[in-house]
Amino acid sequence: MKIVLVIFGGKSTEYEVSLASAISVINNIPKDIYQVLTLGITKDGSWFLFEGKTEEIESDTWHTSISATPAVISPDAKEKALLVFRESGVERVAVDVVFPVLHGKNGEDGVIQGLFELACLPYVGCDLISSAVCMDKVFTNTLADALRVRQAKWLAIKKFDYAQSAGEFETQVTSYLGFPCFVKPANAGSSVGISKVKTPDALAQAMADAFVHDHKVLVEEGINGYEVECAVLGNDDPLPSVVGQVIPSNEFYDYSAKYIDNASELIIPARISPESMEAVRACSVKIFKALGCSGLSRVDFFVEKTTGEVYFNEINTLPGFTSISMYPKLFAELGISYPELLDRLIRLALEKQ
Ligand SMILES: Nc1ncnc2c1ncn2[C@@H]1O[C@H](COP(=O)(O)OP(=O)(O)O)[C@@H](O)[C@H]1O
Ligand SMILES: [Mg+2]
């Protein structure tokens, strides 16, 4: 039996989202094929092998549990193991494949993927470079422009430069992008630090809010569109899913609309024309391949309400992964059950190696 190490939590604003995704993953990995080990990372970055029940992950008490033992992945390529610091000494626990169920900073951006590379451990999902590029909205947008993929007009600036020339930048935003516009930290997720700005006088506050999360911020023209998402699965010959639609409960799909008020709707298939649907699927595969993705990604778009034109928004290399999240639901529509999806992702990781 292959030993799968599921990693959850993480030093990221999406820690809680990761716990929710990980519980579903841990409970649904086919136990007749895989043995599951779980490694938790706390919000402040401490690592523990967790040998307790998923209820303790759900209540976020897992890290103070007697079932949590300090542990790290050895970067030594010969070990392919977890080093567990028991009271009796260091125990080496062999690992065959890693399944990082981590969202956002440190988990979805290539940082931890670099450690898996050093350790020579196969892992589910995109590699270091692809994770890093997809996490950074400025790099992603730059590449999408190079690929001639249609997206909202955008501008980006670093904290240092903004401090020198805020007024100039705001004038540029007003004349080139107009209002409403969206201000975003380049590296974040779950809408953390993102504001919809309707008037020039609200821009400075939105910029300050975004700079809390990153030293690089981008501003995008607001697209009046339906929000649709396409899941992609595979390595060299990736399979696009059907297209799903999100109807945010708030004015835009902010953190509360995503996770708190429970009133946002997911509609499958999306209520868009067959032409827009095909454009979304084709563009998803194009971006997945061009950005070097492997395993999985969810590619998000806007379909402009009056023209039906498709605008690329962003790509998520470790999208929300609870059994009722968009990614698994889109593949369920194609007849791939959640446990089967997990099995396929693990196989893709092993194949890549
Ligand atoms: N250019 C845009 N036009 C219209 N709405 C946008 C735009 N950019 C972002 N949004 C809204 O903000 C939400 C979060 O932005 P997104 O870029 O997807 O960041 P995150 O990585 O945090 O999900 C989107 O789901 C959408 O509701
Ligand atoms: Mg998004």
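## Domains

Into which domains is the chain divided? There are three parts: domain 1 (2–123), domain 2 (134–148 + 224–352) and domain 3 (154–221), with bounds that come from an automatic or database domain assignment. This is a predicted model, in which local features need pLDDT of at least 70 and side-chain atom pairs count only at pLDDT 80 or more, while totals for chains, interfaces and linings use all residues. Residues are numbered from 1 along each chain as its sequence is written, and chains are lettered from A and ligands numbered from 1 in the order in which they are written.

## Where domain 1 meets domain 2

Taken over C-alpha atoms, the centres of domain 1 and domain 2 are 25 Å apart. Contact involves 22 residues of domain 1 and 16 residues of domain 2; two residues are in contact if their C-beta atoms, placed from the backbone, lie within 7 Å. On the side of domain 1 that touches domain 2, helix H1 (15–28) and strand S7 (97–100) each supply at least two residues. Helices (H or I, at least four residues) and strands (E, at least two) are DSSP runs, numbered from the N terminus.

H1 gives the largest share of that side, six residues. By class, the side holds 15 nonpolar, five polar and two charged residues. Here Ala, Val, Leu, Ile, Met, Phe, Trp, Tyr, Cys and Pro count as nonpolar, Asp, Glu, Lys and Arg as charged, and the others, Gly among them, as polar.

## The shell around ligand 1

Ligand 1 is surrounded by 19 residues, and the closest are Ala152, Glu220, Ile223, Phe252 and Tyr253. A residue is near a molecule if its C-beta atom, placed from the backbone, lies within 6 Å of it. Domain 2 and domain 3 each give at least three residues to this shell. Strand S9 (181–185), strand S15 (295–304) and strand S16 (310–316) each supply at least two. The shell has nine nonpolar, five polar and five charged residues.

Helix H11 (residues 338–352) has 15 residues and spans 21 Å from its first C-alpha to its last, close to the 21 Å expected at 1.5 Å a residue; the expected span is 1.5 Å times one less than the number of residues. Its buried residues are Tyr338, Leu341, Leu342, Leu345, Ile346 and Ala349. A residue is buried if 20 or more other C-beta atoms lie within 10 Å of its own, exposed if 12 or fewer, and partly exposed in between, with C-beta atoms placed from the backbone. Seen down the axis of H11, the buried residues fall within an arc of 135 degrees, so they line one face of the helix. The arc is that of the directions from the helix axis to the C-beta atoms.

In helix H7 (residues 203–211), the buried residues are Leu203, Ala206, Met207 and Ala210. They lie within an arc of 100 degrees seen down the axis of H7, so they too line one face. Their cover includes helix H6 (159–177), S9, strand S10 (195–197) and strand S11 (216–221).

## Backbone exceptions

Most residues other than glycine have a negative phi, and most peptide bonds are trans. The peptide bond from Phe179 to Pro180 is cis, with omega near 0 degrees, and Pro180 is in the loop between H6 and S9. Lys80, not a glycine, has a positive phi of about 45 degrees. Lys80 counts as partly exposed because it has 17 C-beta neighbours inside 10 Å.
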